[in-house]
4 protein chains.
Amino acid sequence: MSAATFSSLCFSRGCFWKDEAKNSPRVMKGSGKVKISSIRGSATLPTKSLQVEDGKTQKSEKQVRIGLLGASGYTGAEIVRLLANHPYFGITLMTADRKAGQSIGSVFPHLISQDLPTMVAVKDADFSNVDAVFCCLPHGTTQEIIKGLPKSLKIVDLSADFRLRDVSEYEEWYGQPHIAPDLQKEAVYGLTEISREDIKNARLVANPGCYPTSIQLPLVPLIQANLIQYRNIIIDAKSGVSGAGRGAKEANLYSEIAEGIYSYGVTRHRHVPEIEQGLTDVASSKVTVSFTPHLMPMIRGMQSTIYVEMAPGVTIDDLYQQLKISYEHEEFVKLLEKGVVPRTHNVRGSNYCLMNVFPDRIPGRAIIISVIDNLVKGASGQALQNLNIMLGFPENTGLLYQPLFP
Amino acid sequence: MSAATFSSLCFSRGCFWKDEAKNSPRVMKGSGKVKISSIRGSATLPTKSLQVEDGKTQKSEKQVRIGLLGASGYTGAEIVRLLANHPYFGITLMTADRKAGQSIGSVFPHLISQDLPTMVAVKDADFSNVDAVFCCLPHGTTQEIIKGLPKSLKIVDLSADFRLRDVSEYEEWYGQPHIAPDLQKEAVYGLTEISREDIKNARLVANPGCYPTSIQLPLVPLIQANLIQYRNIIIDAKSGVSGAGRGAKEANLYSEIAEGIYSYGVTRHRHVPEIEQGLTDVASSKVTVSFTPHLMPMIRGMQSTIYVEMAPGVTIDDLYQQLKISYEHEEFVKLLEKGVVPRTHNVRGSNYCLMNVFPDRIPGRAIIISVIDNLVKGASGQALQNLNIMLGFPENTGLLYQPLFP
Amino acid sequence: MSAATFSSLCFSRGCFWKDEAKNSPRVMKGSGKVKISSIRGSATLPTKSLQVEDGKTQKSEKQVRIGLLGASGYTGAEIVRLLANHPYFGITLMTADRKAGQSIGSVFPHLISQDLPTMVAVKDADFSNVDAVFCCLPHGTTQEIIKGLPKSLKIVDLSADFRLRDVSEYEEWYGQPHIAPDLQKEAVYGLTEISREDIKNARLVANPGCYPTSIQLPLVPLIQANLIQYRNIIIDAKSGVSGAGRGAKEANLYSEIAEGIYSYGVTRHRHVPEIEQGLTDVASSKVTVSFTPHLMPMIRGMQSTIYVEMAPGVTIDDLYQQLKISYEHEEFVKLLEKGVVPRTHNVRGSNYCLMNVFPDRIPGRAIIISVIDNLVKGASGQALQNLNIMLGFPENTGLLYQPLFP
Amino acid sequence: MSAATFSSLCFSRGCFWKDEAKNSPRVMKGSGKVKISSIRGSATLPTKSLQVEDGKTQKSEKQVRIGLLGASGYTGAEIVRLLANHPYFGITLMTADRKAGQSIGSVFPHLISQDLPTMVAVKDADFSNVDAVFCCLPHGTTQEIIKGLPKSLKIVDLSADFRLRDVSEYEEWYGQPHIAPDLQKEAVYGLTEISREDIKNARLVANPGCYPTSIQLPLVPLIQANLIQYRNIIIDAKSGVSGAGRGAKEANLYSEIAEGIYSYGVTRHRHVPEIEQGLTDVASSKVTVSFTPHLMPMIRGMQSTIYVEMAPGVTIDDLYQQLKISYEHEEFVKLLEKGVVPRTHNVRGSNYCLMNVFPDRIPGRAIIISVIDNLVKGASGQALQNLNIMLGFPENTGLLYQPLFP
């Protein structure tokens with residue numbers, strides 16, 4: 001069976017979860033090596049013989065060698081969780097500057113059963129054994145690190161550093177000049193369902209923020225179809241606290257968060273320019289939104305409640321039909337049946353985005369609700385979805401976790 | 001000291017909490033009896049001699065005899081909690097149909113130290129020993145019960161039954177005809193800070209709903225002053241789950257509520273007509289609002305995030321100044337310093353409403369945030385505030401609990 | 001590829017998750033049909049040709065047809081979640097008396113992406129299309145239903161009905177006579193790691209309770225090895241509220257559970273006889289334990305803190321070594337490194353049991369801590385582990401979900 | 001009214017809450033000054049004329065001037081909350097080194113309505129305007145600060161610094177030598193119900209830890225009456241996370257605490273020597289306990305589940321009767337009716353300790369459960385109870401808050 005290839009593994013063996021193949025980019029079969037048609041250039045990845053008599057061999061099957069930069073944060077841990085059951089991606093490098101020398105099990109005891117490389121400082125990382133990278137580092141640092149990575153690596157960056165095409169806007173919102181404007185030009189914004197074709201050919205994908213994901217998925221098709229007005233788009237968003245990361249801050253202590261809610265960044269949250277960039281891209285003029293995020297006493301989950309004015313003559317049903325058309329063949333974006341309210345409970349731990357549209361009491365207005373798990377579709381899940389695409393795998397590979405409820 | 005009167009007790013003796021006297025209606029001193037000038041008609045209440053050598057006597061000092069109808073629900077329990085330290089109000093009757101025969105300590109073990117009458121079915125209630133009533137019964141039932149009460153009783157009704165002046169609107173939203181339209185005419189809507197003067201003379205006060213309280217307090221003065229547009233008032237409201245009461249419902253189980261959020265009653269929540277009635281009252285034409293309530297994974301607390309368009313030429317500062325003028329002498333409504341975000345944590349267990357106003361990114365728009373504890377200012381606390389006023393006591397009597405945080 | 005068999009699918013194709021093969025019973029290859037050596041009698045299951053060009057075909061690959069009785073409760077939903085990614089088990093029958101006629105997505109919206117049969121009342125169930133059953137019904141009802149099932153079915157029963165070998169003990173603790181004592185004799189108690197060999201040959205497995213699982217896993221090997229005294233075994237157990245099920249009860253409302261804890265069933269919890277049965281089985285005389293369960297403000301998770309006296313001359317290290325020997329080759333039971341405290345966070349959503357042993361301040365005593373997810377290893381996960389074994393699949397098939405944290 | 005005295009205020013005017021007078025030390029009336037018989041030495045406190053026409057004057061009534069050291073932590077905030085309604089204690093000094101220059105409202109926005117002095121660094125504190133001090137500083141620092149305070153001050157110290165009589169034990173558990181052993185000798189351990197008489201005459205009270213309070217209250221009377229064995233006292237304790245304070249630690253983030261539990265300090269928690277000191281004091285020989293604290297996903301609340309062996313011939317009823325006798329006249333310690341389980345929900349925000357005793361399944365053993373709010377009876381509430389006693393006020397003054405539920 002030494003001639004096994006990615007494609008044959010993938011399509012002949014049932015090695016992935018049920019239904020994983022939806023929307024899959026086609027891969028070409030090779031021999032001894034895998035050649036994935038959708039990868040730009042000549043990304044030829046090594047394969048190994050498949051001996052599946054025991055679990056250990058299963059592991060050796062994972063031919064794409066993944067580097068995980070910033071493994072000690074929540075998005076890093078989530079990458080590890082998702083890859084644990086990914087048939088082709090295996091982690092060969094983990095970095096975490098402050099946890100260098102530690103195992104994943106000591107930093108994240110829930111992952112104790114994972115046999116993974118010891119964490120190293122990013123400066124000590126050896127990329128010779130890495131094919132692709134998830135970068136879960138803080139903004140600012142990220143540009144510098146990615147700038148120094150081998151050009152042969154596929155990269156999905158979960159930070160904000162490459163999301164804004166206009167580097168002057170980056171400087172305005174992040175308070176520091178962008179130091180890798182060339183990379184910025186190369187970067188593809190990775191809102192999977194919207195930019196799938198570009199992602200296929202990307203080397204560097206800027207993974208969207210959680211709020212922008214939950215907001216653009218419903219709004220982009222509606223704006224593109226001229227069904228809603230650009231003016232007075234009011235977004236009241238609610239997020240679980242894991243979005244704030246694992247840093248020790250008084251504001252995020254259990255005693256400060258549990259049993260209460262509040263708005264933050266009322267007039268100036270950093271996800272605003274990303275949202276407006278995405279909406280403006282499909283509009284005929286600059287879109288300015290009202291965006292108010294709220295912190296919820298829950299770990300995971302995000303809801304955007306979006307209040308819009310419909311274009312003249314447009315009805316709720318028009319909005320509903322447009323969203324239906326846009327997403328009916330999507331694996332992870334689900335328009336619910338009419339009248340059914342999306343709930344964050346129903347996406348927890350999964351890569352799904354649920355959405356629906358409702359009539360407002362005020363004539364001519366509509367209410368759109370979308371929910372995601374901020375750490376999955378809002379971060380690590382979408383990142384994996386993107387890397388699957390970049391490497392020519394079915395994009396749902398390793399992502400068919402059902403939500404954890406209750 | 002047998003000639004002691006309410007007024008002398010109240011004003012000469014410091015028997016109430018610090019600062020309780022703010023906004024107090026004046027009371028006239030009598031002799032042996034209390035005559036409270038602000039009570040309509042001749043509500044003369046008996047007083048007793050004051051012997052304060054021990055705690056038991058303290059209790060006998062509580063001369064206003066309170067009936068609590070519907071004592072086995074959360075708002076009923078909250079009335080008991082608040083009255084525990086009220087110097088003048090003592091509970092002499094408690095009803096709870098399904099818990100008849102039980103003590104407060106068996107129904108609400110947190111109140112075990114309260115020495116209160118055994119609960120009786122409302123049909124068995126003896127009102128001869130009662131001066132005033134808090135009615136915490138479900139809508140529908142309430143009308144019938146209140147209709148049958150002695151006319152001498154002061155009543156604060158916490159249900160929705162007497163909030164809507166237009167009984168046809170009641171029928172529309174509650175699905176049943178109003179059976180006590182005459183009482184409806186008599187009822188005074190008890191949004192304390194807005195209707196204080198009417199409440200003084202009321203016999204029956206319809207205590208506002210929690211959402212309407214949090215929404216009208218900021219909006220009424222702004223609409224009244226013509227500072228905001230009537231159109232496109234968008235209210236995204238968030239409530240703790242105690243607002244749903246103690247009834248056993250699958251939807252409100254811990255496992256269904258914790259760690260998730262969702263919108264409910266998206267297009268048709270029963271508090272809508274109450275909100276619109278209050279806003280229309282001070283507007284020059286009918287106000288229709290967009291109102292979307294969300295259920296939060298927390299027990300208490302409510303936030304209304306309100307998105308408005310300012311009238312032409314009006315600035316954020318104008319809104320701020322108006323709210324400042326409206327509430328600067330209020331005990332329980334606090335406009336925060338500019339830029340400070342109200343948080344539900346900071347009102348938990350207290351009768352305060354905190355609010356503030358923020359500029360929106362969209363020019364000409366403003367964001368108003370107000371928070372209350374839905375069971376206190378949103379229910380039992382405001383009810384007590386109202387009864388204090390109806391009986392001529394300082395309205396903050398027994399209400400100066402500071403929020404419980406953390 | 002028409003000659004594909006379960007075994008070849010399973011062992012030659014890598015169709016399961018990494019490492020799934022640990023502890024797998026061997027299966028014999030057949031031709032056109034699957035003959036699983038470990039199944040008692042002649043359980044020959046139909047197989048289908050494998051066409052894996054798209055996801056739909058993947059689904060048809062699931063040759064074991066599962067009936068799920070009681071699909072509208074939390075353990076039923078958890079079975080669905082786990083089977084969603086099981087390569088061989090497909091649900092062909094779902095019953096839920098009160099939700100008959102509904103889809104899984106309307107009863108559990110988090111499972112909306114699962115394409116499953118409509119729920120029927122159990123009396124209307126057609127078992128002709130079913131190979132094996134998970135029974136998630138309440139105790140009492142369960143006996144009756146299982147009694148009426150075709151004898152060809154493999155059954156894992158998650159209720160308490162077949163856990164107690166002594167039917168008089170069942171009557172004592174459950175207040176009703178056992179109506180299927182013959183089935184009771186046939187039933188195998190399904191604490192997987194302890195009774196694996198018996199489970200292989202079982203037709204009816206009584207899946208252990210959550211508390212008994214978390215308690216017996218550490219105690220059985222220690223008692224068996226005579227390392228701890230039978231007397232004074234004190235178990236202070238803590239459980240999330242999902243263990244109480246989805247029934248609407250005032251006691252389990254969010255407002256009654258959040259932000260507080262309490263002991264329940266202090267002197268008489270129904271899991272006691274099951275625990276004592278399991279411990280007595282490996283002891284030389286009857287073991288009576290002190291068992292006090294506590295309800296925690298969390299949905300999932302269970303910890304048993306167990307206080308024991310060591311046998312004369314025995315040390316903590318002896319206990320540690322024994323547990324190490326007992327579980328070092330287990331996939332789902334993990335003895336942590338010395339000094340590391342097991343946390344429920346680290347098993348949430350997974351089938352793992354983490355445990356450790358600590359010295360007590362009181363000489364001669366030890367403290368044992370074990371944690372599980374009550375709905376997975378404490379219910380549906382262990383049930384699936386058992387059915388995998390009963391049908392000759394690697395027992396970790398479809399169970400390698402990593403814990404969801406944070 | 002210039003001759004008003006504390007005592008007349010207190011006993012003739014009903015200025016305190018109902019029932020506040022229970023267990024009150026008698027105070028002697030003076031003239032123009034207050035002389036409190038129970039205060040050791042000559043603590044003569046100034047009084048002021050009482051003009052109660054408005055709230056401002058009410059405030060001037062508060063004649064005991066309180067210094068609050070360490071006002072920016074949770075126990076400091078809780079002191080402020082409780083004193084807000086204390087008729088005699090007014091805060092005139094607040095220190096918080098890292099928040100120096102800030103107002104209470106900026107550090108704790110829930111206390112925004114309190115008009116209090118700006119926080120200063122403790123080194124800048126002026127004690128000339130202070131009669132008594134609550135010291136809410138960390139251990140270690142505390143000794144040093146208290147050492148430097150004027151000897152005329154009454155002090156209640158909430159840290160661990162003066163709880164252990166044996167300074168060598170302090171050094172052993174806290175890892176540093178005690179630097180104020182003379183003060184240690186003077187300090188009275190302030191478990192109010194047990195040491196009330198000593199507290200009356202104390203200048204420096206070491207306020208007990210939260211765990212030790214919940215454990216000693218039930219155990220001290222039972223050990224003293226020789227009803228339980230000293231050996232094998234097993235304490236499984238559960239605490240809300242506010243006990244860990246407001247310091248920013250990863251371990252106490254919402255995402256790390258919510259929806260999970262764990263044991264900490266399994267073999268060596270610093271409250272052990274305090275617990276053993278208190279139990280040994282009333283035993284005839286050294287008592288060594290097993291003590292395992294668990295962190296709960298809740299802000300406030302503490303339960304100790306205590307497993308004991310009864311002395312030969314002793315019954316559960318004997319234990320119950322002893323606790324009944326010990327506490328039947330206590331305001332804050334309540335033995336529940338037989339069979340009723342104490343719940344932390346039922347003490348939240350209040351100074352109550354609820355307890356009960358239950359038979360164990362193992363003959364001769366009993367289970368004792370006690371609950372408190374760790375920040376009130378476990379910290380600031382008991383501290384206030386102690387200062388009330390030290391200054392001759394009824395000990396329940398300002399403490400009759402009913403629990404906040406739901």
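## A tour of the predicted model

Welcome! A search over all chains of the whole structure turns up 96 salt bridges. Keep in mind that you are looking at a predicted model.

**First stop: a salt bridge in chain C.** Select C:Arg300 and C:Glu78. These two residues form a salt bridge, and their closest N and O atoms are 2.7 Å apart. Now show the secondary structure around them: C:Arg300 sits in the loop between strand S11 (289-295) and strand S12 (302-309) of chain C, while C:Glu78 belongs to helix H3 (residues 74-83) of chain C, so the pair ties together parts that are 222 residues apart in sequence. Side chains of opposite charge can pair when their charged atoms come close.

**Next: two helices in chain A.** Select residues 210-224 of chain A, helix H9, together with residues 272-282 of chain A, helix H11. Their axes come within 9 Å and cross at roughly 15 degrees, which means that H9(A) is roughly parallel to H11(A). The crossing of this pair, H9(A) and H11(A), is right-handed. To see the contact, show side chains: on H9(A), residues including A:Ile215, A:Leu219 and A:Ile223 meet residues of H11(A), among them A:Ile275, A:Leu279 and A:Val282. By class, the contact of H9(A) with H11(A) holds eight nonpolar, three polar and one charged residues.

Display both chains. Chain A superposes on chain B by a rotation of 180 degrees with 0.0 Å of shift along the axis (RMSD 0.0 Å); that is the relation of a two-fold axis. Which residue of chain A comes closest to the rotation axis? Select A:Pro297, whose C-alpha is at 3.2 Å. Finally, colour the interface: 100% of the interface residues of chain A are also interface residues in chain B, so the copies meet through the same surface.

How values were computed:
Residues are numbered from 1 along each chain as its sequence is written. Chains are lettered from A and ligands numbered from 1 in the order in which they are written. This is a predicted model: local features need pLDDT of at least 70, side-chain atom pairs count only at pLDDT 80 or more; totals for chains, interfaces and linings use all residues. Side-chain values use heavy atoms; hydrogens and water are left out. Axes are lines fitted to C-alpha atoms, for helices over the stretch in contact, and angles run from 0 to 180 degrees between N-to-C directions. Helices (H or I, at least four residues) and strands (E, at least two) are DSSP runs, numbered from the N terminus. Angles under 35 degrees count as roughly parallel, over 145 as roughly antiparallel, 65 to 115 as roughly perpendicular and the rest as oblique. A crossing is left-handed if the near helix is turned anticlockwise from the far one by less than a right angle, and right-handed if clockwise. Contact means heavy atoms within 4.5 Å. Ala, Val, Leu, Ile, Met, Phe, Trp, Tyr, Cys and Pro count as nonpolar, Asp, Glu, Lys and Arg as charged, and the others, Gly among them, as polar. Copies are superposed by least squares on the C-alpha atoms of residues with pLDDT of at least 70 in both. A salt bridge is a side-chain nitrogen of Lys or Arg within 4 Å of a carboxyl oxygen of Asp or Glu.
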